Amino acid sequence: MHRKPSYLKWVYSIFLFATLEHGYSSSSQITVDPPHNLKIVDPGFLGHLNLQWQPPLTLGMFQHCTVQYELRYRNIESEDWETIITKKLNYEDGFDLNQGVEAKIQTLLTGHCTNGSDVHSKWTQTSFWIPLQGEPETKIQEMQCIYYNWKSLQCTWKPGEKIPEGANYNLYYWYEGLDHALQCADYIEANGRHIGCRFPSVELAEYQDFNICVNGSSLALPLRASYFSFQLQNIVKPSPPEQLNLTQRKREELHLEWKSPEGPIPSQCLTYEVQFQEDDASWVSRSTEKEVITLQKSNGSRRFCVSVRDKVNIYCAIEGFWSEWSSKQCLDEQQEEERWLLFTIVPITLVMLNAILIALLFIQKQRAYLKQVLGKKEIHLYQEAIC
């Protein structure tokens with residue numbers, strides 16, 4: 001009578017343990033295949049590539065799971081991977097085509113079918129290279145692109161060290177919004193060879209990747225292509241500041257004002273560097289965000305010169321170029337003395353001249369009055385004498 005409950009309890013415990021163990025082993029044995037057919041597609045946008053893949057072949061058995069993909073990619077010479085997690089089957093980004101590209105991807109499962117745990121597939125990976133043609137010494141050198149005053153883009157370069165006779169370079173560019181890469185329509189030339197390009201209006205390309213390829217060919221052999229990518233706001237070179245006005249308000253204090261250059265750059269996007277020199281001493285620099293600054297002058301200096309340049313600040317761009325220096329403005333002690341004479345002695349002289357003129361007019365008026373009185377008195381005496 002008392003053994004039956006103990007026996008049933010023992011059987012129930014074994015059944016419960018077996019059920020839990022089965023559930024645990026079922027969850028731990030869930031696996032999923034990686035995506036298949038991972039490939040890197042070049043649509044001809046000079047470094048803007050498309051990474052594509054297909055779902056795992058066994059995905060149909062996980063209909064009640066959340067399926068995502070972890071994608072990692074980089075240029076081969078980079079130490080760091082870029083990582084994204086997405087539910088899509090493609091992803092686009094920009095790469096440096098001067099080197100190879102590699103990518104890898106895995107499947108991620110979450111949800112009720114995994115008992116709340118994350119299930120990762122194995123990685124599948126691929127790589128991509130632009131076919132290299134031509135000797136490395138035929139590549140262009142010292143490529144530099146400048147967006148002058150935020151409205152005019154120009155790129156220049158030097159020919160490669162071993163460019164064959166009769167060879168020439170061609171520049172192609174692309175940014176999002178163009179259907180295909182365009183060739184430069186206004187080359188800069190020297191000795192009959194392309195050494196740069198002036199671009200048409202590219203305002204639509206601001207704050208996005210601007211991709212360039214410079215390649216070429218000759219009758220002897222092809223030239224090695226070079227690829228570049230930048231954003232326009234990061235290569236701006238402003239015009240220098242204008243209308244500098246340097247004045248001395250106190251004996252040893254100078255006041256300098258200027259105006260930002262005309263053009264599309266907002267004044268709040270500029271930072272300034274002021275350099276100044278006393279007599280023949282070395283130039284000294286100071287930075288400011290405003291279009292005005294107060295400078296201290298040493299006692300006894302005879303000549304004080306200033307110049308200002310500007311640059312797009314960190315609030316509007318990551319980097320950029322300094323403008324050329326503005327025209328130099330100087331203040332001489334002799335000029336200050338002459339100015340002091342002009343603003344002190346001259347007014348005093350004018351006041352004195354006015355006083356003298358008023359006195360002369362008063363004297364003249366008094367003389368006329370006396371003459372008139374004396375004249376009347378003489379007439380009266382003459383009349384008395386007759387009588």
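Analyst: On a 1 Å grid over the protein atoms alone, a pocket is an open set of points where a 1.4 Å probe fits, with protein on both sides within 12 Å along at least five of seven lines, and lining residues have an atom within 4 Å of a point. Points are joined across faces, edges and corners, and the volume is the space filled by probe spheres set on them. This is a predicted model, in which local features need pLDDT of at least 70 and side-chain atom pairs 80 or more, while totals for chains, interfaces and linings use all residues. Numbering runs from 1 along each chain as its sequence is written, and side-chain values use heavy atoms, without hydrogens and water.

User: How much space lies in the largest pocket, and which residues lie nearest its centre?

Analyst: The largest pocket holds about 250 Å³, and among its 15 lining residues I130, P131, R224, A225 and Y227 lie nearest the centre. Strand β16 gives the largest share of that lining, five residues.

User: Is T138 buried or exposed?

Analyst: Buried means under 20% relative accessible area, taken with a 1.4 Å probe on protein chains only; T138 is buried because its relative accessibility is 1%.

User: What does the side chain of T138 reach?

Analyst: The side chain of T138 reaches the backbone nitrogen of R224 at 2.9 Å, and R224 is also one of the residues nearest the centre of the largest pocket.

Key
Buried < 20%, exposed > 50% of the residue type's maximum accessible area, 1.4 Å probe, protein only. Polar contact = N/O pair within 3.5 Å; in protein donor to acceptor, adjacent residues only side chain to side chain. Helix = DSSP H or I, 4+ residues; strand = E, 2+ residues; numbered from the N terminus.
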